[in-house]
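Me: I want to learn how to read helix faces. Please take me through an example.

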Amino acid sequence: MKKLFDKIEITSFALHILAMALMLVDHLGFKVFINMDWMRSVGRLSFPIFAFLLVEGFYHTVDTPKFKTHVLRMLIFAIISEIPFNLFLANNIWSIQNQNILWLYLLGLVSLYGIHQLKKKGSPWNILSVFIIFAAAILAELTYLDYGACGLLTMIVFYFFHGRKWWQLLAQLVCVAYLNYMRGGSGYEIVLFNQTLTLGRQMWAVCILPILWLYKGKQGHRSKFFKYFCYLFYPLHILIRYELEKEMINGNIDF
């Protein structure tokens, strides 16, 4: 089994495609195909992929000039995405209680940078990393960032347990399962050891981990077009989704 696992691998390119496809399924199930609950459940698999890829990109760029460009690009597209995101969730161009996911990724990058710099200095500076994580998680909740503290901590988990050793993979599994269990949400009841547990829809996120573990550092297809397509896909698909909902409300489209 281990030999088979080692032979199979997935590229960063393939993970990006998979993550965008799963996100699209999730968002279509949110307000378009509202009776298809399975779409929301399957869509839970998308965020861990994006969080994982963000950390992988961080490790490859943090000590290079590309990192600042990456952060600036994330900031620009977070601003661009905010109006489409607010239109879809709040039917308004401005909403204080709805901030798109790119702001969370930006906060994640900045937090990881601070932790990384402290880590290079070694003890006793490492203790300050706890403060950064705590402050960033609170900020994610107070500013209503999509996925909130759970999403921020998922990125932190992939950073601290970055690698392919068995204990790192186990730590990812345990931490991601716990974070998504705590996030809860509507879900399903199961009986375990005569105890009834409600597993939120969010728990589906754990299922993507074996796919992530097939990534071994290969990027696959590379081009500027694809890089910017990945950024533009988020605001564009949200805007199209918003227009679809309007057409449904007006009776012009019937699914």
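Me: What should I know about the model before I start?

Reply: This is a predicted model, where local features need pLDDT of at least 70, side-chain atom pairs count only at pLDDT 80 or more, and totals for chains, interfaces and linings use all residues. Residues are numbered from 1 along each chain as its sequence is written, and side-chain values use heavy atoms, with hydrogens and water left out.

Me: How many residues does helix H9 have, and what does it reach?

Reply: Helices are DSSP runs (H or I, at least four residues), numbered from the N terminus. The expected span is 1.5 Å times one less than the number of residues. H9 (residues 166-183) has 18 residues and reaches 26 Å between its first and last C-alpha, close to the expected 26 Å.

Me: Which residues of H9 are buried?

Reply: An α-helix has 3.6 residues a turn, so residues three or four places apart point the same way. Buried means under 20% relative accessible area, exposed over 50% (1.4 Å probe, protein chains only). In H9, Gln 168, Leu 169, Ala 171, Gln 172, Val 176, Leu 179 and Asn 180 are buried. They lie on the same side of H9, because their arc around the axis is only 155°, taken from the directions from the helix axis to the C-beta atoms. Trp 166, Val 174, Tyr 178 and Met 182 are exposed on the other side.

Me: What do the buried residues of H9 pack against?

Reply: Helix H8 (148-160) and helix H10 (209-212).

Me: Which residues of H7 are buried?

Reply: Ser 129, Ile 133, Ala 136, Ala 137 and Ala 140. Their arc is only 100°, which puts them on the same side of H7. Helix H6 (101-121) and H8 are among what covers them.

How values were computed: Helix = DSSP H or I, 4+ residues; strand = E, 2+ residues; numbered from the N terminus. Contact = heavy atoms within 4.5 Å.
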